[in-house]
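Please open the structure in the viewer and keep the selection tool at hand.

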Amino acid sequence: MWRPVVVGRFLTGWGRPWLASSKQSAELMGRSFLPLLFYIVLCGSGDLLAEAELIREPYVQLTTRSSGVVTWRTNEPITPVLRYGVAPDNLTQSVATGQIVTRVSPELKGWPGVPRLGQTTPEGVYQYEVTISGLEVDSKYYYGVFDGDRLLAGGTDTYFLRTQPGAEPGRPLRFWVVGDTGDGGMIQRNGYAAMKEYVVESGRPLDAFVHLGDMAYDDGMDTMFQANFFDVYGGLICNTVTWPTMGNHEGHTSDGVLGIGPYYDAFVLPENGEAGGVPSGSEAYYSFDFGPIHFVCLNSHDEARGEANRMATWLREDLARNDAEWLIAFWHHPPYSKGSHHSDIEDQLVEMREVMMPILEEHGVDVVLAGHSHIYERSMLMNRAYATPTDSSGVILDDGDGNAEGDGAYVKSAHKHPHGGTLAVVSGHGHGSDFSFGLSPVHRVSLKEGGSVIMDLEGDTLKFTMLNDEGIVRDEFQLIKRGVVEPRIPLNDPWSPFGPAIVASQHTGGKVEAHLVAQPNVEDAIVHYTLDGSVPTMASPIYEGPIDIGAPTIIRAISVWRGGKRRSPISSRVLEPAAPGPLRYARIPLLHEEDDAIESGLGITDLHSPVVGITSPETSWFGLRFRDAGVPRGATILSSFVLMRPALLGMDPAEWTVYGDLSAAGQPFTEDLGGLSSRPRTTSGALWNVSAWMGIGFQLTSPDLSEVVEEVVGQPDWVPDSAIGLLVSGVGERSASSFDGAAAGAPEFWVFYDERDALTVASDARLNAFVRITTEGERRLFASLEILNSAAARGFAYTIEGSPSMAPGSWQALNGSFAGPLPGARPGFSHLVFEMSQMDGSAFGEKYFLRVVVARQ
Ligand SMILES: [Fe+2]
């Protein structure tokens with residue numbers, strides 16, 4: 001009698017020593033085949049063993065045109081047999097024990113030479129992997145899995161595998177595409193149920209399940225795979241092949257470079273070109289043919305992504321040899337996304353775009369699919385969109401909605417052609433959608449809701465359907481590859497997912513003006529708007545100038561261009577008049593594309609960069625210009641700052657200096673050589689030690705610019721409606737949104753001022769006094785002083801004097817020891833508290849007078 005003795009422990013924790021376990025040994029030995037004799041010895045006294053049960057139902061993977069793999073797990077060793085045939089009740093053929101790969105839990109003793117499952121596998125697991133070969137192309141085979149003669153599962157019409165169809169266009173093919181499903185929650189399950197219902201109602205079953213990674217939250221452990229993938233999708237994968245890619249959550253316990261861990265235990269993937277394509281030598285990235293489609297799966301998580309690294313090298317070789325009608329690539333980290341992940345700022349996403357997209361497009365890729373970002377997003381037909389940050393100018397070939405019912409399907413020439421146009425789809429909404437950074441300019445649709453994507457190939461048309469977790473179709477588009485389509489020139493006024501920018505300017509007295517800026521900012525674009533909350537149409541009023549906001553107002557607007565053929569999404573914003581207050585101020589958005597500029601060290605000035613700031617090591621200056629400041633000449637500036645919105649992360653130390661533009665009345669920026677650096681500028685400059693930009697999308701405030709702005713508005717030829725220009729130089733890369741990049745996110749300028757000259761303002765410092773009695777009964781006198789903290793104020797000295805009588809000559813200076821600032825000071829002022837004591841040390845009388853004397857230093 002033999003019984004397994006359990007001596008190992010199920011390892012938990014964050015170290016990774018367990019990774020160097022099962023699969024590695026499997027690879028060293030090749031997939032090991034158990035000698036049949038071993039089983040005879042092992043199971044000879046089976047009556048003493050508990051009857052084995054399935055703990056992972058059989059599932060289908062790695063189907064080719066002539067083979068397929070079925071895998072299952074039991075809780076006790078069995079004599080594994082797989083029977084198959086063309087009818088469920090007639091399984092005439094079999095794959096016998098000796099042809100079956102067995103792998104067991106790491107702690108099991110008495111299995112010499114048998115490959116082990118990873119260290120996160122629970123104790124007492126026996127996994128069986130069967131390759132059925134010699135099958136007919138595009139044919140259905142029913143199967144059953146047995147322990148000797150005892151049926152464990154199968155033998156019904158739900159257990160089957162289907163071999164891949166041939167390369168010639170033939171019957172329609174249907175794929176289910178989704179990522180980031182892995183929490184086992186309601187949205188995942190509802191999305192799955194919605195897909196099944198859609199499939200039943202439309203009368204066409206799935207041919208394959210393409211999983212875009214993150215299938216086993218949170219850490220990709222074996223138990224998480226069981227609970228969140230196998231237990232949920234068991235009814236699907238027992239007859240539908242899964243083609244997965246590894247997500248970062250799987251990467252917590254699996255290693256793509258070594259090919260070990262629970263992900264690699266769960267899946268058998270074609271590293272040797274078994275299903276078509278060039279052998280990759282890795283299960284983490286591979287290719288396969290499916291009918292007329294060549295699929296490429298990449299490892300965006302932990303494989304080196306450089307051009308000269310092995311994945312890119314293999315990809316070029318694989319694509320060079322590929323001649324399939326369609327080319328679809330998928331991986332986890334999206335090259336274009338602004339969902340829960342941002343493809344302009346995260347390394348994996350940036351590198352997949354900058355390095356892999358050029359290789360794929362060189363070989364005529366049609367579609368790229370990714371997950372990771374918990375959202376549904378899909379692009380227009382584009383080419384060469386490799387830049388960071390992603391920009392739509394010069395890369396969009398067709399900016400329509402791609403829907404036959406709308407602008408018409410996207411079209412490409414038949415067969416494989418480089419740079420014919422790519423569609424990028426993010427389907428990372430498998431367990432819901434939680435956050436969005438905004439909209440990517442290359443996307444046509446972005447939907448923050450749970451769901452999945454169904455991809456149908458029908459003849460020469462590839463159809464995409466986004467089905468949300470309630471079963472509602474939320475987006476449909478198609479790509480047709482037919483005949484010869486003339487190469488297209490990228491559009492210079494492509495559709496953009498942004499509606500008109502609605503920005504507010506504010507001036508003293510609570511006056512708010514709304515400015516509507518068409519996007520894209522092209523010659524024939526016009527903006528229609530409503531102020532009553534109704535949907536704007538082409539019959540709504542046309543925007544012609546700033547709108548005064550005298551009461552809370554809902555502004556809704558659309559841009560229309562290309563003779564009405566293109567319409568933007570609706571923008572809406574609620575604006576309220578500001579409460580009038582004693583302070584004078586101006587809040588001025590940057591409203592014109594030529595009002596932000598960057599200049600390189602060689603003096604080349606660019607007025608149309610999608611980002612502004614010290615945006616590269618070559619950038620030495622940037623300029624911002626704010627029109628109609630409305631600040632009178634000679635005003636005292638109480639406080640002033642500029643708000644910028646980071647477009648990219650920036651970590652390098654950065655130190656800038658902000659100067660004011662002294663050209664007559666803030667002349668427009670030009671693209672002349674030295675367009676910024678050669679302009680006359682203020683002698684004062686505000687030092688800006690720029691913090692690390694660790695996030696994007698929100699506004700960051702500059703240091704106080706009062707001194708600089710005071711010098712600008714103090715010029716003899718300054719008139720109130722001049723533009724205030726800021727000229728910034730320095731080192732340290734930071735890229736903020738520019739008007740050209742996203743008008744609604746462009747910089748904004750604030751200034752608080754007082755029309756009086758500085759001495760008058762300073763003399764009006766408010767003095768208050770109060771007495772506090774200590775517990776010892778001692779009376780102590782405090783003075784609180786509200787003083788200007790503007791640049792001008794720094795030129796004054798404040799002395800507090802006291803007198804018992806107010807008689808001339810009775811005033812004496814008091815020792816005021818600074819007791820700290822008070823919270824809640826007005827903008828532009830500091831509220832300071834001093835504790836007073838007499839010079840001669842005597843006590844203050846019952847009645848005592850205080851005054852503040854202001855003098856220029
Ligand atoms: Fe992810």
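Begin with residues 186-202, helix H3, and residues 222-237, helix H4: these two helices pack with their axes 11 Å apart, at an angle of about 15°. Angles under 35 degrees count as roughly parallel, and H3 is therefore roughly parallel to H4. Their crossing is right-handed. This is a predicted model.

Next, display the side chains where the two helices meet. Which residues make this contact? From H3, select Gln-188, Arg-189, Tyr-192 and Met-195; from H4, select Ala-227, Asn-228, Val-232, Tyr-233, Gly-235 and Leu-236.

Now turn to a sheet. Select its 6 strands in the order S35-S34-S37-S42-S39-S40; the sheet is open, and the pairing is antiparallel. In general, the strands of a sheet pair through backbone hydrogen bonds. At the edges lie strand S35 (605-606) and strand S40 (686-690), each of which pairs on one side only.

Within the sheet, select residues 619-626, strand S37, together with residues 724-731, strand S42. How many bridges join S37 and S42? The two strands pair over 6 bridges, in the antiparallel sense. For one example, select Arg-625, whose bridge partner in S42 is Gly-725.

Finally, select residues 706-713, helix H8, which packs on the sheet. Helix H8 touches strand S39 (654-660), S40 and S42. The direction of H8 makes about 25° with that of S39.

Technical notes:
Residues are numbered from 1 along each chain as its sequence is written. This is a predicted model: local features need pLDDT of at least 70, side-chain atom pairs count only at pLDDT 80 or more; totals for chains, interfaces and linings use all residues. Side-chain values use heavy atoms; hydrogens and water are left out. Axes are lines fitted to C-alpha atoms, for helices over the stretch in contact, and angles run from 0 to 180 degrees between N-to-C directions. Helices (H or I, at least four residues) and strands (E, at least two) are DSSP runs, numbered from the N terminus. Angles under 35 degrees count as roughly parallel, over 145 as roughly antiparallel, 65 to 115 as roughly perpendicular and the rest as oblique. A crossing is left-handed if the near helix is turned anticlockwise from the far one by less than a right angle, and right-handed if clockwise. Contact means heavy atoms within 4.5 Å. Two strands pair if DSSP finds at least two bridges between them.
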